[in-house]
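Here's a quick briefing to read with the structure open beside you. Start with the overall picture, then work down to the strands, the helices and a single residue.

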Amino acid sequence: MKTESLKSELCKSFSVSEAELDALYVTTPFAYEDGDNVVVFITPLPGGKYRVDDNGEAAYRLALDGIDIDRPKPQAWMSSISKRYQVEWDAEAEELSAVADTPAVVAKMAMRVAECSLQMQALSALRVERNLSTFKDDVLRVIKEIEQETQ
């Protein structure tokens with residue numbers, strides 16, 4: 001396979017569309033567990049910079065899984081991605097975001113935000129499984145004990 005052919009095929013996997021107010025959104029070939037594609041939004045900022053974010057999609061999915069993002073382990077993970085990928089957790093907007101200083105860096109930051117959004121789903125493993133209540137069985141056991149004692 002030739003390099004140009006591979007590059008062409010890889011690029012076809014990404015879809016760039018226009019959104020409101022000169023913003024763009026990029027649908028990536030990466031997918032969450034449910035099959036939905038990871039989407040990254042790119043918004044121009046003053047001074048020729050660009051904001052790249054996941055529009056809160058990762059946080060929304062974690063909330064549906066019952067994960068409290070404000071707990072220590074999720075916060076530690078979000079702190080580590082800031083250092084490693086230059087992707088920040090915007091607590092107010094509850095979304096992953098990065099700033100690209102030049103148009104040339106936008107694609108790189110879009111990939112990083114998409115990767116972090118997808119990686120964030122691993123925090124679902126922190127979900128605490130519910131234990132089944134034994135209340136009904138306990139009540140039945142007590143009633144049977146009383147029945148046997150009182151006949």
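**The chain at a glance**

Among contacts in the protein chain between residues at least 6 apart in sequence, 50% join residues at least 24 apart. Keep in mind that this is a predicted model. The protein chain has five helices and six strands, and from the N terminus on they come in the order α-β-β-β-β-α-α-β-β-α-α.

**Surface and burial**

- Of the 151 residues of the protein chain, 28% count as buried.
- The accessible surface of the protein chain is about 10600 Å², and carbon and sulfur atoms account for 54% of that.

**The sheet**

- Reading across the open sheet, the six strands go S1-S2-S3-S4-S6-S5, with antiparallel pairing.
- Strand S1 (15-18) and S5 sit at the edges with a single partner strand each, so one side of each has no neighbour in the sheet.
- Going from one strand to the next, the twist averages 30°.
- Helix H4 (residues 103-120) packs on this sheet, touching strand S2 (24-31), strand S3 (37-44), S4, S5 and S6. The direction of H4 makes about 165° with that of S6.

**Strand S6 and its partners**

- Is strand S6 (residues 95-100) mostly covered or mostly open? It's mostly covered, with five of its six residues buried.
- On one hand, S6 pairs with strand S4 (residues 50-53) in the antiparallel sense, over four bridges. Within that pairing, Val52 has Ala98 in S6 as its bridge partner.
- S6 is also joined to strand S5 (residues 88-90) by three bridges, and these two run antiparallel as well. Here Asp90 stands opposite Glu95 in S6.
- S5 and S6 make a hairpin, with four residues between them. Look in the turn for Glu94, which has a positive phi of about 50°.

- H4 has 18 residues and spans 26 Å from its first C-alpha to its last, close to the 26 Å expected at 1.5 Å a residue.
- Buried residues in H4 are Val106, Met109, Ala110, Arg112, Val113, Ala114, Cys116, Ser117 and Met120.
- When you look at that list, remember that an α-helix has 3.6 residues a turn, so residues three or four places apart point the same way.
- Helix H5 (residues 135-150) has 16 residues and reaches 22 Å from its first C-alpha to its last, close to the 22 Å expected at 1.5 Å a residue.
- How many of the 16 residues of H5 are buried? The number is zero, so H5 lies largely in the open.

**Zooming in on Asp53**

- Asp53 is in strand S4.
- Why does Asp53 count as buried? Because its relative accessibility is 6%, and the cut-off for buried is under 20%.
- The Asp53 side chain makes a polar contact with the side chain of Arg51, at 2.8 Å.
- Setting aside neighbours within four places in sequence, Asp53 is in contact with Val39, Val40, Phe41, Glu95, Leu96, Ser97 and Val113.
- Two of these names have come up already: Glu95 stands opposite Asp90, and Val113 is one of the buried residues of H4.

Notes. Residues are numbered from 1 along each chain as its sequence is written. This is a predicted model: local features need pLDDT of at least 70, side-chain atom pairs count only at pLDDT 80 or more; totals for chains, interfaces and linings use all residues. Side-chain values use heavy atoms; hydrogens and water are left out. Buried means under 20% relative accessible area, exposed over 50%, partly exposed in between (1.4 Å probe, protein chains only). Two strands pair if DSSP finds at least two bridges between them. Axes are lines fitted to C-alpha atoms, for helices over the stretch in contact, and angles run from 0 to 180 degrees between N-to-C directions. Contact means heavy atoms within 4.5 Å. The expected span of a helix is 1.5 Å times one less than its number of residues. Accessible areas come from the Shrake-Rupley method with a 1.4 Å probe; for residues, only the protein chains shown count as cover. A polar contact is a pair of N or O atoms within 3.5 Å; within protein, one must be able to donate a hydrogen and the other to accept it, and residues adjacent in sequence count only if both atoms are side-chain atoms.
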